[in-house]
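Notebook open. I want to go through the sheet, the helices over it, the domains and the chain contact.

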Amino acid sequence: MTTLELTVRAVDDGFPGIRTLTLARPDGGMLPSFTPGSHLVIECGSSANAYSLTSDSVAPREYVVSVLECPDGSGGSRWIHHELAVGDSVVARPPRSAFSPILRARRHLLVAAGIGITPMVSHLRSAHRWGREVRLLYLHREGRGVYIDEIKAMTDYMQTFTERRTFLHELSSALADQPFGTHLYVCGPAGFMDDTVALAAGLGWPPSRIHLERFGIDALDPGEPFEVTLTDSGDTFVVDSGVSLLEALHARGHDIPNLCRQGVCGECRIPVAGGEILHRDLFLTDADKAAGDTMMSCVSRACGDRLELAL
Amino acid sequence: MKPDLETTSVPAWAAATSQPDADLSGRAWTVVGFGDDAEPIVSAWRTQILGHNAHAAVVVHRVDDDEAAAQAVDADLAGALVGWRLMIAGPADACLRLRAHALRIGVGDDEIVVGSTAVGTRDVLCAHCQARTRAEVGIEDVLPCAGCGRNLLVYYHVSRLKGAYLGFMVDAELVGAP
C-alpha cells in the first residue's frame, strides 16, 4: 500500500487534551487532494489511527489533524500527545473517505459533538467554496470549542452548545424543520451518534439522508472463547476470551490485511463457511450480516462455540 | 433465459401486482392513486397511516394522467420537510413514470412506496431512436418501435430516471434483414 512520509511542521496545544498537528512532505511538495470528510490513517507506534483532515482539501501542501487524547485508548493518541514533536517524521496512508457531502442535497445539516467537529471542518470549507447551504450544531465542553474561530469565518449558521439539554432541544427542532432534500451528517461519541440517529428516525428521516462518521466502537467486552477451523488447511485452534480472531490468525501465521482494528475500516473482512457469527462491527450492512458468510475479524466473534472459516 | 428479476433493475412491483403496507416511518405523506383500480390500495394506506397517527398529514391525490400526478407531487414537495413520503398506486407503467419524476427531483428510494394494480403495459425506450413505445408487452417479447419501426426486444432493464424498459433491435445481425 502506498504510504506518505510526512514531517511534523507545527504542533498546537491551544485546547486542553487536543493536539493539532500540521503535516507536510519533507520537501513541501503537493499532497493528494481529498474528498471533504476524509481522514488520514497515521501509524502511531504499534497502532494505526484515523484522524479527520481539517485543512483545505484541494491541492494541499499541508495536512492538519486534531487529536483528542484518549487515556484508555490503544495508545495512538497518547503517542501523538507525548512523543511527537516538530521536525519528527510520521508515516500515513493517503486520505480515505466514507463521509463525503451528497452534492445533490438541498441543504447540509452538520451535527457534531466534541472532537467530532473535525470532519465537519472540511465539509464547511468545501460548502463555503461552492456556496452550498449548511447548518451546523456543535456541542462541546466549556473551553474545548476547537475550530470555532475558523468556522465563524466560513458560515453564519453555526450554533454552539455547552449544555446537553439545550443542545438536544435545538437538535429536535432542527431535525423537525429541515426542507425536503436536506442531508444529515453526524460525528461524535457513539452514544451521541446513536441518540441523534434515533431522534432523526423518530422524526421521519430515512436512512439514505443520514450519514455517519464513526470513531470506532466503545470498549467491547472480551467475549467468550470459541474454536475455529480453517477449511483449506483443516487447522483448528481456540480463540481465547480477550483475544481477537484477527490476533489469533496472525499468531498462526495468517496475514490478514487490517487497519483500524475497531470494526470500522473494512480491511480485515474474512469469509466464513460455517457457524453462527456474533457481528460487532460498524462496517458490514445488515444484509451482509444476515447472510452470515463474512465477518470482520478484528471485533466479531462466534455466537456459539465454533466457526469455520473459508481460509 | 431470464435472470432472477431481483438482481435486475426491474422492481418486483413492475413484474407482479403488489399491495405493500404504508410506510409508517414518515411524518407527512402524499398518496397518488392512478384511476379507480388504485382506490382500494389508496384507502388501505390512508387507514393504516391514520390508524398509526390520527393527526397525520396525509394528502391524497386521485389522478388520471402523468401530468396531473407530477403536478400534485411538485406542489406538495414545494413546502415539504424531511420526513415526507410519496406513496404511489396504479398501473406499473404509470408508477414507473411518476417514480422517475420523483427520483429526478431528489426523492430517495427509501421515501417512495409503490403498489401496482396491473403490470401488462410497458413503456419501451428504443436504444436506437430514443422513441418511447407503450404497449401490452412482456419482458423478452419483441415489438415494433413506434419511432423507427425496428423490432425491439424488451430487455429486463428499467431506467430509473426515465421510467421505461430498455428496448434494442433484436434482429440487427440477421443477414439479409430489411
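This is a predicted model: local features need pLDDT of at least 70, side-chain atom pairs count only at pLDDT 80 or more; totals for chains, interfaces and linings use all residues.

Helix H2 (residues 39-52) of chain B lies across S1 (28-34), S2, S3 and S4 of chain B, and its angle to S1(B) is about 165 degrees.

The sheet itself. I read the strand order in chain B as S2-S1-S3-S4, an open sheet of four strands with parallel pairing. S2 (57-63) and S4 (112-118) of chain B are the edge strands; each has a single partner strand, so one side of each has no neighbour in the sheet. From one strand to the next, the twist averages 10 degrees. I then checked S3 (residues 84-91) of chain B against S4(B): they pair in the parallel sense over six bridges. B:Leu86 is opposite B:Ile112 in S4(B).

Domains. Chain B is assigned domain 1 (8-118) and domain 2 (121-169). Their centres, over C-alpha atoms, are 25 Å apart. I see 13 residues from domain 1 of chain B and twelve from domain 2 of chain B in the contact. Which helix gives the most to the domain 1 side of chain B? H4 (residues 92-104) of chain B does, with seven residues. That side divides into seven nonpolar, two polar and four charged residues.

Chains. The contact takes 14 residues from chain A and 14 from chain B. On the chain A side I noted six nonpolar, five polar and three charged residues.

Notes: Residues are numbered from 1 along each chain as its sequence is written. Chains are lettered from A and ligands numbered from 1 in the order in which they are written. Two residues are in contact if their C-beta atoms, placed from the backbone, lie within 7 Å. Ala, Val, Leu, Ile, Met, Phe, Trp, Tyr, Cys and Pro count as nonpolar, Asp, Glu, Lys and Arg as charged, and the others, Gly among them, as polar. Two strands pair if DSSP finds at least two bridges between them. Helices (H or I, at least four residues) and strands (E, at least two) are DSSP runs, numbered from the N terminus. Axes are lines fitted to C-alpha atoms, for helices over the stretch in contact, and angles run from 0 to 180 degrees between N-to-C directions. Domain bounds come from an automatic or database domain assignment.
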